[in-house]
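Here is a short report for a reader new to this structure. Take a look at the sequence and the model before reading on.

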Amino acid sequence: MELGMVGLGKMGANMTVRLVKGGHRVVGFARANAVVDAVVQQGAEGAHSLAELVGKLAAPRVIWLMIPSGDPVDQTLQQLHPLLSPGDLVVDGGNSYYRDTVRRAALVDGWGFRYVDVGTSGGIWGLAEGYSMMVGGDDADVERIRPILETLAPAADRGWGHMGPVGSGHFVKMVHNGIEYGMMQAYAEGFAILQAKSEFALDLHQVALVWRYGSVVRSWLLELTESALAENPTLQGIAPWVVDSGEGRWTVTEAMDLNIPAPVITLALQQRLRSREVDPFTERLLAMMRNKFGGHDVKREA
C-alpha cells in the first residue's frame with residue numbers, strides 16, 4: 001500500500017521507517033529538507049512540497065498527518081484542499097482535540113474527501129515496539145487503511161482498534177493521556193517519599209527494578225522510570241519544570257462537562273502547572289496570611 005506522510009518529527013519519521021520495512025510505499029514531506037532526506041535514506045521517497053507529495057501518489061490517495069494539533073492541522077487541510085481529488089482519505093494521526101476532529105471531518109466531507117482520526121501512542125519506542133492506535137471513522141475508511149494500521153501496531157491483531165465514528169479515536173487518546181498524567185504523578189510522589197527516607201539510603205533504581213517484575217504497579221512507564229534512574233540516580237541537572245501538551249486539560253474539561261469526578265487527573269494537571277511557577281505568588285500570600293492572623297514568622301528571602 002502507498003501513502004503520503006506529512007510531518008516527519010521523531011514519531012512521524014519512525015512510523016515512516018516502520019511502514020517502509022513493512023513493505024509499504026511511503027512518500028514523506030516536512031518543511032525541513034534535511035528531515036526529508038533522512039527518511040529517504042531509510043527507504044522512503046521524499047517530497048519537498050505538499051503538491052509534490054500529492055503528485056507522487058496515485059488516486060485515491062491516503063495522506064497521513066503527523067503534525068502538531070491546532071492551527072497547523074487546519075492550515076495543512078486548507079493547503080491540501082485544491083490538491084486532492086474526491087475519494088482521497090486524510091488521516092490525522094496526531095493528538096488533535098476530538099471536537100476539532102469532528103469539525104474538520106465535516107469540512108473535509110464537504111470537499112468530497114474522507115477523514116479518519118488515529119490517536120497514536122508509542123512515542124520514540126514505536127519503531128521497535130509498535131504503536132498503540134485508537135481509530136475513529138467510517139467502517140469502510142478504517143478498513144481501507146487496515147494494512148497500514150496492522151503494520152504500525154505491535155501485531156496485526158493487537159494494539160489497535162476501531163473505536164467508533166470520526167472523533168472517537170482522538171477522544172479515547174485524550175482520556176488515555178489524562179490517565180497517563182495520573183500514573184506519572186503517582187510514581188513521582190511515591191519515589192519522592194522513598195528518596196526522603198534518608199536513614200534507609202534507598203537505591204531508587206533498585207526499587208524500580210524490583211517493582212518491574214511481579215508487582216501490581218509494574219508497567220511500561222515504570223520501565224522507563226527505572227531506565228531514567230539508572231542513567232541519572234539523583235536527577236542531577238533536571239529542572240523541576242513539567243510541560244503539558246493539552247490532552248490532560250481537555251480530559252479535565254470533558255470530565256466536568258460530563259459531571260464525572262476526576263480528582264486524580266485534575267490534581268496531576270494542576271501539579272504540572274505548579275511546577276512552572278518561578279515566583280510562586282500563592283505561597284507568598286499564604287505566608288503573609290499566617291503572619292496577619294496568628295503572628296507567625298515570615299521567612300525572608302536572602
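What percentage of the 302 residues in the chain do buried residues make up? Buried residues make up 41% of them, where buried means under 20% relative accessible area with a 1.4 Å probe and protein chains only. This is a predicted model, in which local features need pLDDT of at least 70, side-chain atom pairs count only at pLDDT 80 or more, and totals for chains, interfaces and linings use all residues. Residues are numbered from 1 along each chain as its sequence is written, and side-chain values use heavy atoms, with hydrogens and water left out.

The chain has 14 helices and eight strands. These are DSSP runs numbered from the N terminus: helices are H or I with at least four residues, strands are E with at least two. Along the principal axes, the C-alpha atoms fill a box of roughly 75 × 40 × 35 Å.

Two helices can be set side by side. The expected span is 1.5 Å times one less than the number of residues.

| Helix | Residues | End-to-end C-alpha distance | Expected span |
|---|---|---|---|
| Helix 1 | 12 residues | 17 Å | 16 Å |

Nine of the 12 residues of helix 1 are buried, so the helix is largely enclosed by the rest of the structure. Among them are Gly12, Met15, Val17 and Leu19. Just after helix 1, Gly23 takes a positive phi of about 95 degrees.

Next comes the interior. A nonpolar core is a set of buried Ala, Val, Leu, Ile, Met, Phe, Trp, Tyr and Cys residues joined through side-chain atoms within 4.5 Å. The largest has 29 residues, and Trp64 and Leu149 touch the most other members. Elements that give two or more residues to this core include strand 1 (2–6), helix 2 (33–40) and helix 8 (146–152). Helix 1 gives the most, with four residues. Leaving out residues up to four places away in sequence, Leu149 touches Trp64, Val118, Met133, Val135, Val142 and Trp160; contact means heavy atoms within 4.5 Å. Apart from this core lies another, of 21 residues, including Phe29 and Trp111.

Contacts also tell about the whole chain. Of those with a separation of 6 or more, 65% join residues 24 or more positions apart.

Terms used
Buried means under 20% relative accessible area, exposed over 50%, partly exposed in between (1.4 Å probe, protein chains only).
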